[in-house]
Amino acid sequence: LVTLRTGGGPVALGAAQVVGPSGTPDGVVIVGKTSLSPPNRIFNAVRGLFFFLAATTGVLTGSFVFALASASLVAYLLSRRLVGRLERLGAASEALAAGDLARRVEEGPGDEVGQLARRFNRMADRLSATVSELERERRQAEEALQAKRELVANVSHELRTPLASIRAHTESLLMLGPAAAPERRAEALD
C-alpha cells in the first residue's frame, strides 16, 4: 500500500505486512519518504505513449488473429458448399451423358450456380422430351415398315395363285402347238 500525503510529515508512506513461518501476520513494515522527485513530464508522456502503443499492438494482434481465424473458417465453409453444389452438377451431367435422362439437380438459391442448375434441368427436360418423341416416331416407323412387309407378303401371295394359273394355261397353249385345231385353242384360251 502506497499513499501520497499533503501537509506535515512524510510525503509518501508505504506499508507491507510481515508474515511469520506459521502463516500468521507478525507485523507491518511502514516506510516514509520525506520528499518526492519532481515529475518528469517528457518521460511520463513517452512512458504513457509506450504503454498505449503496447496495448494497441496487443489488441490489434488479437483482433487480427481472431479475424483471420473466423474469415478462414467462413471461407472454408462457403467454398465447401459451393464446391459441393458444383460436384453434384458435374455428377448429374455425367449421368445425363451416360443416358440417365431422369437425373436432375437440386437448384438451390438463385445465385449463378442455382441459375446454372435451373438451365441444366430445363435442358435435361427438353432432351428427355426430344428422345421420347424420337422413340415414338421410331416405333411408328417400325410399325409402318412391318405393315409394308405384311402388304408385300399378302400381295405376293394373292398374285401367286392367278399367276400360277395363267402360267399353266400358257404352258398348255404352248404344248398344243401350231398344229392344234383352232377350236381347241379357243377352248384353252377361254
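The points below go through a predicted model, from overall make-up to individual side-chain pairs.

1. Confidence. The mean pLDDT of the protein is 84, and 84% of its residues reach 70 or more. Among the elements, helix 1 has the highest mean pLDDT, 91. The lowest, 60, belongs to strand 1, residues 2-4.

2. Architecture. The protein has three helices and three strands. Their order along the sequence is β-β-β-α-α-α. Helix 1 covers 41-97 and helix 2 covers 112-176.

3. Of the 190 residues, 9% count as buried. The exposed surface comes to about 15,400 Å², with carbon and sulfur atoms supplying 64% of it. Among contacts with a separation of 6 or more, 25% are between residues 24 or more positions apart.

4. Helix 1. Just after helix 1, Gly-99 has a positive phi of about 110°.

5. Nonpolar core. The largest nonpolar core holds seven residues: Leu-89, Ala-92, Leu-96, Val-105, Ala-117, Phe-120 and Ala-124. Helix 1 and helix 2 are the elements that each give two or more residues to this core. In soluble globular proteins, nonpolar side chains tend to be buried together.

6. Val-105. What does Val-105 touch, leaving aside residues up to four places away in sequence? Its contacts are Arg-88, Leu-89, Ala-92, Ala-117, Phe-120 and Asn-121.

7. Salt bridge between Asp-125 and Arg-104. The whole structure contains six salt bridges. In one of them, the side chains of Asp-125 and Arg-104 meet at 2.7 Å, N to O. Asp-125 is in helix 2 and Arg-104 is in the loop between helix 1 and helix 2, so the pair links parts of the chain 21 residues apart. Asp-125 has a relative accessible area of 42% and is partly exposed. Arg-104, at 30%, also counts as partly exposed.

8. Salt bridge between Arg-118 and Glu-107. The closest N and O atoms of this pair are 3.9 Å apart, and the cut-off for a salt bridge is 4 Å. Arg-118 lies in helix 2 and Glu-107 in the loop between helix 1 and helix 2, so the pair ties together parts 11 residues apart in sequence. Arg-118 counts as partly exposed at 25% relative accessibility, and Glu-107 is partly exposed at 30%.

9. Arg-138 and Glu-135 form a salt bridge, with the closest N and O atoms 2.8 Å apart. Both residues lie in helix 2, three residues apart, about one turn of the helix. An α-helix has 3.6 residues a turn, so residues three or four places apart point the same way. Arg-138 is partly exposed at 39% relative accessibility, as is Glu-135 at 33%. Glu-135, Arg-138 and Glu-142 are linked in a network of salt bridges.

Methods:
Residues numbered from 1 in each chain as written. Predicted model: local features only at pLDDT ≥ 70, side-chain atom pairs only at ≥ 80, totals over all residues. Heavy atoms only, no water. Core = buried A, V, L, I, M, F, W, Y, C linked by side-chain atoms within 4.5 Å. Buried < 20%, exposed > 50% of the residue type's maximum accessible area, 1.4 Å probe, protein only. Helix = DSSP H or I, 4+ residues; strand = E, 2+ residues; numbered from the N terminus. Contact = heavy atoms within 4.5 Å. pLDDT = per-residue confidence, 0-100. Areas by Shrake-Rupley, 256 points an atom, 1.4 Å probe, with all protein chains shown as cover.
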